[in-house]
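Please open the two chains in your viewer and keep the sequence panel beside them. The tour below moves from one selection to the next and says what is found at each stop.

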Amino acid sequence: MGKLTGGQWFEIAVWVSFAAVAYLLTFQFDREVQMYRFGAAAWPRMVILVIMAAALGQFVTDLRVRKAAEARGVELDAGYFRKMADEHGAPVIIRMGITLSLPLVYAALLQNTGYYFTTPFFLAAYLYMTGERRVKWLIAMPLLIYAMITVIFTRFLFVGLPVGYWPGFYDFGNWLVVLIRQ
Amino acid sequence: MEQFIAGTLALVSSPLSMVVFAAGLFGGLLFGAIPGINMLTLGAIVLPFSGMLSAADAIMFYSVLYCSGTYGGAVTAILFNIPGSPENAPTAFDGYPMTKQGLAGKAIGAAVFCSSLGGTCSALLMMVATPLIADWAVRNFSSPEIFALVFFGIAVASSVGARTLWKGWLSVGFGLMIATIGLDPVAGIQRYDFGFTYLLAGIHFIPTILGFFAVSEIFVQAERRVRGRFEMPKFSTHFPSFAEFWRLKIAVVRSVLVGFFAGVLPGIGVTLAAFMSYNEAVRWSKTPEKFGKGHLEGVVASETANNAATGAAMIPLLALGLPGGAVTAMMVGVFQIHDMEPGPLVFVTSSDLVWVVFAAMFFANICILGLGYVETRTVLHLLKIPFQFLAPAILLLATVGAYAVRNLVMDVVVMFLAGIIAYFMRRSGYSVAGIVLGLILGSIGEENFAQGMQMVGYDWGDFFTRPIVAVLIFGGVATIVTNIYRELCGKRKGVEV
């Protein structure tokens, strides 16, 4: 891994890969435009150049900092996430992973199961992941938050929220909307 | 003067406008004072629904939110070392040590007074300067000048807010790349759509802003809870005396001037204003070693400047159509929602809107003086709301806000993805504000560059020798070179939020 940490190499690799892929994709739309000499690809390519230059700058800076630290015999930061893993271990990392991915799962389900059915469960799950363990609060708070926000936006602001496509969920969503708007 | 009176009368004569004014004022104070969220969270949540208000009321809401939220972010900076916004970061340098010494009330009291004073002076200067600049801009600014201004703004924005200069550039570059998704502004050629119809219209800025600011902040605070590092400190409510303020009068005046002139810069002027003012306070102080250890002057310098910059940040927005920071970037969105183009013509087509906004900002800064003291005492009760109850509520509000834009579930997915990306980037030392500014300025920059080159017949000499273009490009290049030099010599002190 050389003088850099795994995290630093990963960061550089991400930016270089991002820039490389973005550059390769510019050939898909790099065609002549009659009214504009530089075409549609010029601006993205210029931005990619900036990103590559900055990534190179960051790489050089990381190397210099490491070298200076080694010369002084000072131990440098292992990186934020490495420190978190070393300090807290796998359970915290897993819990953070779930905390971050839970909203995405909720968003992915919204289309099919609908906002009206899925939301209370998402709120309870998120409440649990952020530390609440009392069963009463795990049931009451999500219902209270869900009820308040849903009534405000459905009844008073007439914001249309997804009712879901799957059978059963669609019927439940529509039934609740009619009930709230009565 | 007559226009200011007309704007005031328009504000007070409409009950709805007064309600919107109060909502912006209290919303900024409240959201700024609760750790884990800030005025940007509220601004992002309200953005999709701003179309329900008139253009004047919507812009007025954000301008008042800007004033009160900039002060409100100082409360969490002082109490919890969690700056509400990047411009509150220097406040934490001395504010938090003061809290640890049991002097939180003194720090907050200084923040209240200085924020009010800086903001009021800025509002007055803004009322005088903006129409003049707008008038000048109409006659002297066209596409090449706007591109040059965007370049200058990006050059400045990239240097503040991230842990290193390179990460600042990477943040802005990432935002610029997101802005290229969709149809190119010249010929409408599809770029980076991967065959998805959703991407043809580009990534909508509302879900992105919600994700980058509100959702990522929830994730950051959730991580603190998961790691067991979220603590509520105790604090007193003894405020500073007039004598203490009088001793710092020179620092206050200097901070107003630094804040105002730095805040005019499009890009990230408000954050730069706070850092520059703090640095100047250290430089001019007879006891620089006291800074960073709980020195009242540090809080005064930062808070005066960042509120002085709020009025100044409205100048590039209203006079030139360019955002001066994250909140003004949202205001660009509000203009677009109302089918308006921010820029010098706003003074011609909607001067009543402009003067309502000016009057509202002036009175908002005056109100901060009184409400700030009251709010400090009452915020104690609000701080008792456990974070685990706030987080789901904010996520749900953000979900509804993102979905309501275009009734697309994909917007909600994009929002959460943006939140996850922003969480990792923030924890790795990148600047979320830089990403958003790259996103907003990217499309403006590309469009004006293309139009500018067509105007001058692709003659680079003609393009870069236009006086205003030359000055701005030179300023941007000088900023970049200076920053690179400082970075290589290890003289730059980056602070990420």
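Helices (H or I, at least four residues) and strands (E, at least two) are DSSP runs, numbered from the N terminus. This is a predicted model, in which local features need pLDDT of at least 70 and side-chain atom pairs count only at pLDDT 80 or more, while totals for chains, interfaces and linings use all residues. Residues are numbered from 1 along each chain as its sequence is written, and chains are lettered from A, with ligands numbered from 1, in the order in which they are written.

**Stop 1: chain B and its helix H14**

Colour chain B by secondary structure, and you will find 22 helices and two strands. A residue is called buried if 20 or more other C-beta atoms lie within 10 Å of its own, exposed if 12 or fewer, and partly exposed in between, with C-beta atoms placed from the backbone. Of the 497 residues of chain B, 64% count as buried.

Now select residues 296-320 of chain B, which form helix H14. This helix has 25 residues and reaches 37 Å from its first C-alpha to its last, close to the 36 Å expected at 1.5 Å a residue, where the expected span is 1.5 Å times one less than the number of residues. At B:Thr310, H14(B) bends by about 30°, the bend being the angle between axes fitted to the seven residues ending there and the seven starting there. H14(B) is mostly covered, with 25 of its 25 residues buried, and it is followed by B:Gly321, whose phi is positive, near 80°.

**Stop 2: two loops of chain B**

Select B:Tyr192, in the loop between E2 and helix H9 (197-200) of chain B; its phi is near 50°, a positive value in a residue other than glycine. B:Tyr192 counts as partly exposed because 19 C-beta neighbours lie inside 10 Å.

How many other C-beta atoms lie within 10 Å of B:Asn407? There are 11, and B:Asn407 is therefore exposed.

**Stop 3: the nonpolar core**

A nonpolar core is a set of buried Ala, Val, Leu, Ile, Met, Phe, Trp, Tyr and Cys residues joined through C-beta atoms within 7 Å. Of the 208 residues in the largest nonpolar core, B:Ile78 and B:Val436 touch the most other members. Helix H4 (residues 55-80) of chain B gives the largest share of this core, 16 residues.

Two residues are in contact if their C-beta atoms, placed from the backbone, lie within 7 Å. Leaving aside neighbours within four places in sequence, B:Ile78 is in contact with residues including B:Thr91, B:Tyr96, B:Ala104 and B:Ala111.

Then select B:Leu25 in helix H2 (residues 15-33) of chain B, which is buried because 24 other C-beta atoms lie within 10 Å. B:Leu25 and B:Val64 are 39 residues apart in sequence and 5.7 Å apart in space, C-alpha to C-alpha. Not counting residues up to four places away in sequence, B:Leu25 touches B:Val64, B:Ser68, B:Ala364, B:Cys367 and B:Leu371.

**Stop 4: where chain A meets chain B**

Display both chains together: the contact takes 51 residues from chain A and 48 residues from chain B. The largest share of the side of chain A that touches chain B, eleven residues, comes from H4(A). By class, that side has 37 nonpolar, ten polar and four charged residues, where Ala, Val, Leu, Ile, Met, Phe, Trp, Tyr, Cys and Pro count as nonpolar, Asp, Glu, Lys and Arg as charged, and the others, Gly among them, as polar.

Within helix H4 of chain A, select A:Ile94, which counts as exposed because it has 10 C-beta neighbours inside 10 Å. The C-alpha atoms of A:Ile94 and A:Leu110, 16 residues apart along the chain, are separated by 24 Å.

**Stop 5: helix H2 of chain A**

Finish on H2(A), which has 31 residues and reaches 45 Å from its first C-alpha to its last, close to the 45 Å expected at 1.5 Å a residue. Among its buried residues are A:Trp43, A:Ile48, A:Gln58 and A:Asp62. The buried residues of H2(A) pack against H1 of chain A together with helix H8 (165-179), strand E2 (190-191) and helix H20 (432-455) of chain B. H2(A) is followed by A:Gly73, whose phi is positive, near 75°.
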